[in-house]
Amino acid sequence: MAWRDFKKRFKRQMSDMLEIPSDIIMDLPKIVLVGDLQLFIENHRGIVEYTAENVRVNVGDYEVAVSGEELILRNILPDEICLEGRIKSLQFVR
Amino acid sequence: MFLFRLISFMFGYVNILVRGENLEKFLNMAASRGIYLWDIRRIGENELFVKTRLSAVKPLRHIGRKTKSRFSFRGREGIPFVISRIRKRKSLVIGVVFFLSGLYVLSSFVWFIDVTGNRRLPAERILETAAEAGLRVGTAKLMVDQEKVENLIRERIPEISYVGVSISGTRATIEIAEKTIIQKEKLQPAHIVAKKAGLVKEVLVLVGNPAVREGDTVVPGQILISGIIPHPEEQSGEAGSPDGNQVAPPLTIPPAYVHARGVVRARVWYEGYAEVPLLEEGVRETGNSVSRACIKIGSREIIFSGRRDIPFTDCRIEREVKKPPAWRNLSIPVELISEKYYELEKYREMRSRDEAARLARLKALESARSGIGGPVRVIEEQAREITLKNPDNLVRFRAYIEVLEDIGMEKTFERPGS
């Protein structure tokens, strides 16, 4: 466990130092929110739950939970999800 | 994104309703296998609405079997489906092709010929010449040699200085400029005669021999400026002796005959009369109107714009009928009728004597003015009421207008002895 934490910290420092975006080096999700209308999640690991009110998306270490109304999945690609609807909240669930 | 949709439309896509217990798994599996799904909508507890490409249906069935979900197809869209739909309606396609080719073929003929710019020449003459050169209604545009038409018109009709033939769409326009032919100097001798009766105010002679003086009263047809100029000696002899009882010289020299020119202004009177009743009754337009257009097929009329019922009790109808041209004795029994209804009303107007007098005065002057033609200078205008012994309900006015007017008019005459 200690070794893994060390690796993580090292990667972060490297990305800070070399100014490389951390989503590339550390394999983190990149989430873009357009108002409350659209949500793009890049680098996801699959959908955990999908209903019109709640969407949970696995992004590796944790889940992104979105709640709102009339949510639809505009499209799904292997590494990108586009969500549309009236978004109310966005949570990271560990 | 738009490009994605466009490509999907081109290759065709389907709407699928997916029913199953584990729909998230179905979505993840599809995404990881690179099947493109979009517009995913949760409809019910175990139902999803999904759009996908036609080519993805087969692998999707495989995934469905694995995740224990069932499909039902709800809609097919895109070009492949449109094509298959069209295949079933061959006659429609034939009709479209026929229509378009008809439109194309008909638009390659000249159907209208306009002639512009001709003032004195009749358009028929130009059209005839154009037809001879190959430009007539119904010829193919390709067959018309514009230069040839232009040249032929210019050759045949010498009064034309410029011809331009242009074809735009199905309309050919022949643009023409006429030569201005300078009229020859009039050689025939002429008098200037009075066209109206009046009192001569001024006489300005350019060519000729004055026959009247200022202050003379003339009657229509009287010679004002004579085209016969006596021999100078004869003239001076006459002018030299006001009493005029000098004996004429025995040898008469023939006088000169000229085309008299000059201006003779005279005072001319115009008269007008008007009467206005104190009580007037009649019918007049109210200014309200309704228009209506209909197509008459056989004896049936189909109104396609305007009101069905005319809201006026009394009206005047203006009707314009357009008919397709008849061929031989066959005519198409279709007419396009456009009608305009003007509302009429009965009116009854009472006037006071003053008001009627004012109106009658204006009308009388108006009627006097209507007799005046050409540029004049008005000297005096007056209108008088005509009073009768026993007054009835009519007000009568007579108007006089006095104007200063050029009363000269050319009148040719034959040179005696020629």
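Helices α2 (residues 23-32) and α3 (residues 57-67) of chain B have axes that come within 10 Å and cross at roughly 145°. The crossing of α2(B) past α3(B) is right-handed, that is, the near helix is turned clockwise from the far one by less than a right angle. Axes are lines fitted to C-alpha atoms over the stretch in contact, with angles from 0 to 180 degrees between N-to-C directions. Helices are DSSP runs of H or I with at least four residues, strands runs of E with at least two, numbered from the N terminus. From α2(B), K25(B), F26(B), M29(B) and A30(B) make the contact (heavy atoms within 4.5 Å). From α3(B) come L60(B), I63(B), G64(B), K66(B) and T67(B).

This is a predicted model: local features need pLDDT of at least 70, side-chain atom pairs count only at pLDDT 80 or more, and totals for chains, interfaces and linings use all residues. Residues are numbered from 1 along each chain, chains are lettered from A and ligands numbered from 1 in written order, and side-chain values use heavy atoms, without hydrogens and water.

Next, a strand residue. T52(B) sits in strand β3 (residues 47-53) of chain B. A polar atom of the T52(B) side chain lies 3.2 Å from the backbone oxygen of Y36(B). Leaving out residues up to four places away in sequence, T52(B) touches several residues, including Y13(B), W38(B) and L60(B).

Finally, the interface. 16 residues of chain B contact 14 residues of chain A. The two chains bury about 1300 Å² between them, 58% of it on carbon and sulfur atoms. Buried area is the accessible area (1.4 Å probe) lost on being put together, summed over both parts. On the chain B side, E24(B), I40(B) and R42(B) lose the most area to chain A, together 36% of what that side buries.

Notes
Polar contact = N/O pair within 3.5 Å; in protein donor to acceptor, adjacent residues only side chain to side chain.
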